[in-house]
Amino acid sequence: MASNVLTAGAEAAEAANPYETAQRQFDQAAAILDLDPGLRQVLREVRREFTVNFPVRMDDGSIRVFTGYRVQHNLTRGPAKGGIRYHPQVSLDEVKALSMWMTWKCAVTNLPYGGAKGGVICDPTQLSLQELENLTRRYASEISLLIGPESDIPAPDVNTNQQTMAWIMDTISMEKGYSVPATVTGKPLSIGGSQGRPAATGRGVMVVTLEACRRMGLDPSQATVAIQGFGNVGSVSAELLHGQGFKVVAVSDVFGGIHNPDGLDVPALLEHQRTTGKVRGFAGAREEISNSALLELPVHILIPAALENQFTMHNAARVQAKLVVEAANGPTTPEADDIFHQRGVVVVPDILANAGGVTVSYFEWVQDLQSFFWEESEINQRLTRIMEQAYHQVDDLAQQHRTTLRMGAYCLAVKRVADATAVRGIYP
Ligand code: NAD
């Protein structure tokens, strides 16, 4: 990891525990909604948290024990849904936060799901493909107590991808004795994946960015964009926004960033990243910049698409963008949120901005359950409709309550889950 990343990470670790952030956001929404105290208690905690310590055979024949988690925050509106992350900094509190955000994300878009998340503490860059497969299969087997098409459906997140999902689908299917494609989403097309799923989160980011620009009177052809993180979400967002006429002037990944105030040739950059594995070294860049410097560039739009806690009380006042679109989960601490609000920086919150991924995951699950597959144009049309509708509902609520888009999104989501919980009643 580049040293600037470690510094930013250390500052961030001091700044916020993601689960406390998630609970503070919920408390704020509960206050706006004047939510019943009993419901508040139910919804501000996760329902199930499962820790697994499991052995993996390494290439040199040794055995290493890894720790993983699967957390289900809520199952009231349907099966739990949420990705699986592989990262050295995965922690139970991070997974709990991510699972709670999944509940609200599914409710904002009105998908019939609750929220879950999984993670394994590991550094995938230090593991061979065989070791990654061994780790994934054993982790899948350990959490098979919880996952399945009717109960909890994983998907990719940071450092996991279609191949990871294929291994999980195969492991669960072998244990059942028959193929269960609807166990996970984000799979390869050849085993029941959906058209449009790899690009779905970035496409959703594009749709809400266009909506926000429309509201703010910002012309895409005049707007500059900086994107932190150039993985699945960041790179697709860059490609689609470039296609819409936005000028992408800076991008970064874990190794650092690049900047060209005249705009980057995104298709050429994607090719460079595919061949070298990083954005640095791209011939079309004017200068190299750090991840923290990228966040303070004089651009119209900032898109965090990496990890949590990137905007904190330490840097929020120096952000020059007028619009932040949270492609990543939890990039803004509550303190930074307040600073943005006071300074008039519009933030499209994660639970809305990156909901395109889970929306097409839902389409994939529906297609798998019916063994009937849709064309990409239909997927993209339905996705766009859901994202635009969610954006407008959130925006209306934010105006009605004279609050931020984040609280507008929370009000929409929390009310849907609270109403469902109230009408179901408390068992037994
Ligand atoms: P990914 O693993 O494909 O890409 C992550 C990117 O972030 C890489 O470019 C990596 O180099 C970079 N990165 C990692 N640590 C960094 C750091 N400290 N500073 C700067 N860059 C760093 O992951 P992804 O699937 O693109 O996920 C990115 C974010 O989007 C995460 O917050 C994830 O939870 C969220 N998200 C992903 C999806 C999805 O469908 N994949 C859906 C919703 C939300």
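Predicted model: local features only at pLDDT ≥ 70, side-chain atom pairs only at ≥ 80, totals over all residues.

Me: Which residue has a side-chain N or O atom 2.6 Å from an oxygen atom of the ligand?

Reply: Among the closest of the 23 residues surrounding the ligand are D157, N159 and T201. For T201, a side-chain N or O atom is 2.8 Å from a ligand oxygen atom. The distance of 2.6 Å belongs to the side chain of D157.

Me: How many nonpolar, polar and charged residues does the shell around the ligand have?

Reply: The ligand is surrounded by 23 residues. Helices α7 (197-216) and α8 each supply at least two residues of this shell. Sorted by class, the shell has 11 nonpolar, 8 polar and 4 charged residues.

Me: Which strands stand at the edges of the open sheet of 7 strands?

Reply: The order of this sheet is β9-β8-β7-β6-β10-β11-β12, and its pairing is mixed. A strand at the edge has a single partner, so one of its sides is left without a neighbour in the sheet. On average, neighbouring strands here are turned by 20 degrees against each other, direction ignored. The edge strands are β9 (287-289) and β12 (346-348).

Me: Which residue of β10 stands opposite V225?

Reply: Strand β6 (residues 224-228) and strand β10 (residues 301-304) run parallel and are joined by 4 bridges. Opposite V225 stands I301.

Me: What angle does the direction of helix α8 make with that of β6?

Reply: Helix α8 (residues 232-243) packs on the sheet and touches β6, β7 (247-253) and β10. The angle between the directions of α8 and β6 is about 165 degrees.

Me: Which residue is the bridge partner of A80 in β5?

Reply: A second open sheet, of 5 strands, has mixed pairing and the order β1-β2-β4-β3-β5. Its edge strands, β1 (48-57) and β5 (152-156), each pair on one side only. Strand β3 (residues 80-87) runs parallel to β5, with 5 bridges joining them. In β5, the partner of A80 is D152.

Me: Where is N110 found?

Reply: The phi angle of N110 is near 60 degrees, a positive value in a residue other than glycine. N110 belongs to the loop between α4 (92-108) and β4 (114-121).

Me: Is the peptide bond from Y427 to P428 cis or trans?

Reply: P428 lies in the segment after α15 (405-424). The bond from Y427 to P428 has an omega near 5 degrees. This peptide bond is cis.

Conventions:
Residues numbered from 1 in each chain as written. Heavy atoms only, no water. Pairing = 2+ DSSP bridges. Axes fitted to C-alpha atoms, helices over the stretch in contact; angles between N-to-C directions. Contact = heavy atoms within 4.5 Å. Near = heavy atom within 4 Å. Polar contact = N/O pair within 3.5 Å; in protein donor to acceptor, adjacent residues only side chain to side chain. Nonpolar A, V, L, I, M, F, W, Y, C, P; charged D, E, K, R; others polar.
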